[in-house]
Amino acid sequence: MLQRRADQTLIDRIGRVRSGLAGTPLMPLADDELDLLAKLEFCNPTGSSKDRSALWILDRAIHRGEITRDTTVVESSSGNFALALAFYCRMLGIPFVPVIDPNCSEATEAQLRLLCRRVEKVSTHDAAGGYLRTRLARVQDLLVELGNAYWPNQYANPDARDAHYRFTAAELIAEAGPIDHLFVGVGTGGTIAGVSRRIKEAFPACVVVAVDTEGSVIFGGPPKKRRIPGIGSSIVPPLCEQAVIDEVEIVPEARAVEGCRALVERYGLYAGGSTGSIYAAIRSYFARNRPGTRRPRVAFIAPDRGHAYAKTVYNADWCRQLLTEEDLVPPVPVLAVN
């Protein structure tokens, strides 16, 4: 097998980038029944937990010689992973072509078009009613078209898992100490695969709860239309099979909206749809499993911030339409958050 020569210039550049990054905050949140801790991954440079996997995937591929300055990176993403790759590829001087779909927010798409010379946007639904398979098919076409191209494949790349094992989980263990419950949202599977494995090594009794959304097929549920990007999937990502999961909490999108708004109203956290889903899962989980006299120590990964959801989750008209389509009545009036 031909040995590829690593690009020393890129190795030096990515080393400087990594050396300038700090960990994300662990924020205690006031709660009547829980010692609740939020790992604010949306404080990463591009606003999501995807910074972890994007940077580490690029780092490892550069060191292996799979990416040089002549390589074009191509990836499928509903938004946050594309933003992270676009940011780091721009800093490294590497071309990047994201493949997105109509669920990508206007703000994210506009930012990608500023950072990338070429953005591919698919519009055909796949068999599961989403766009993921369509995006992945377009990625394969681009790999052939571009020739010298690299596909990070965030759905199966072990470097995505290792990024969260090495960094996210290590920080959480050092800062939080023993944890009774850990809630992690599931999309591509990299975060939960990496974090759950290391948490279980440190705290074997910790209950790891995977959070998914209705309409996602990851845990065997029927596919349906999903409107909130970043959580759930229309395929079962291979990385999910490497996660250590004790329980699964499925959250309807209407409840995810409530979770986002509750985080703003109670704590001032302007969080994204995935974070709102996770917070809603915590509330529903402990409504069924009431804590005893001992307050459980509960941590959750807050993977995204709210800016990309200003016209959806935080928009009153969009929320009313969602509730109408889901045939639900909101428990509180739907109010716009500016």
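## Cavity

A cavity is a set of points, on a 1 Å grid over the protein atoms alone, where a 1.4 Å probe fits but cannot get out; lining residues have an atom within 4 Å of a point. Grid points are joined across faces, edges and corners, and a volume is the space filled by probe spheres set on the points. The model is predicted: local features need pLDDT of at least 70, side-chain atom pairs count only at pLDDT 80 or more, and totals for chains, interfaces and linings use all residues. Residues are numbered from 1 along each chain as its sequence is written, and side-chain values use heavy atoms, without hydrogens and water.

One cavity of 30 Å³ or more is found in the whole structure. The largest cavity has a volume of about 40 Å³, and its lining includes Lys50, Phe81, His164 and Thr191.

## His164

His164, one of the lining residues, is buried at 1% relative accessibility (buried is under 20% relative accessible area, exposed over 50%, partly exposed in between; 1.4 Å probe, protein chains only). Its side chain makes a polar contact with the side chain of Thr191 at 3.3 Å (a pair of N or O atoms within 3.5 Å, one able to donate a hydrogen and the other to accept it; residues adjacent in sequence count only if both atoms are side-chain atoms).

## Aromatic pairs

Rings of Phe, Tyr and Trp (its six-membered ring) pair if their centres lie within 6.5 Å; planes under 30 degrees apart are stacked, over 60 edge-to-face, the rest tilted. By this rule there are eight aromatic pairs. Tyr267 and Tyr279 form an edge-to-face pair, 6.2 Å centre to centre with 90° between the planes. Tyr267 is partly exposed at 22%, whereas Tyr279 is buried at 1%. The ring centres of Tyr279 and Phe300 are 6.5 Å apart and the planes lie at 50°, so this pair is tilted.

Definitions and conventions: 1 Å grid on protein atoms, 1.4 Å probe; cavity = no way out; pocket = protein on both sides within 12 Å on 5 of 7 lines; lining within 4 Å.
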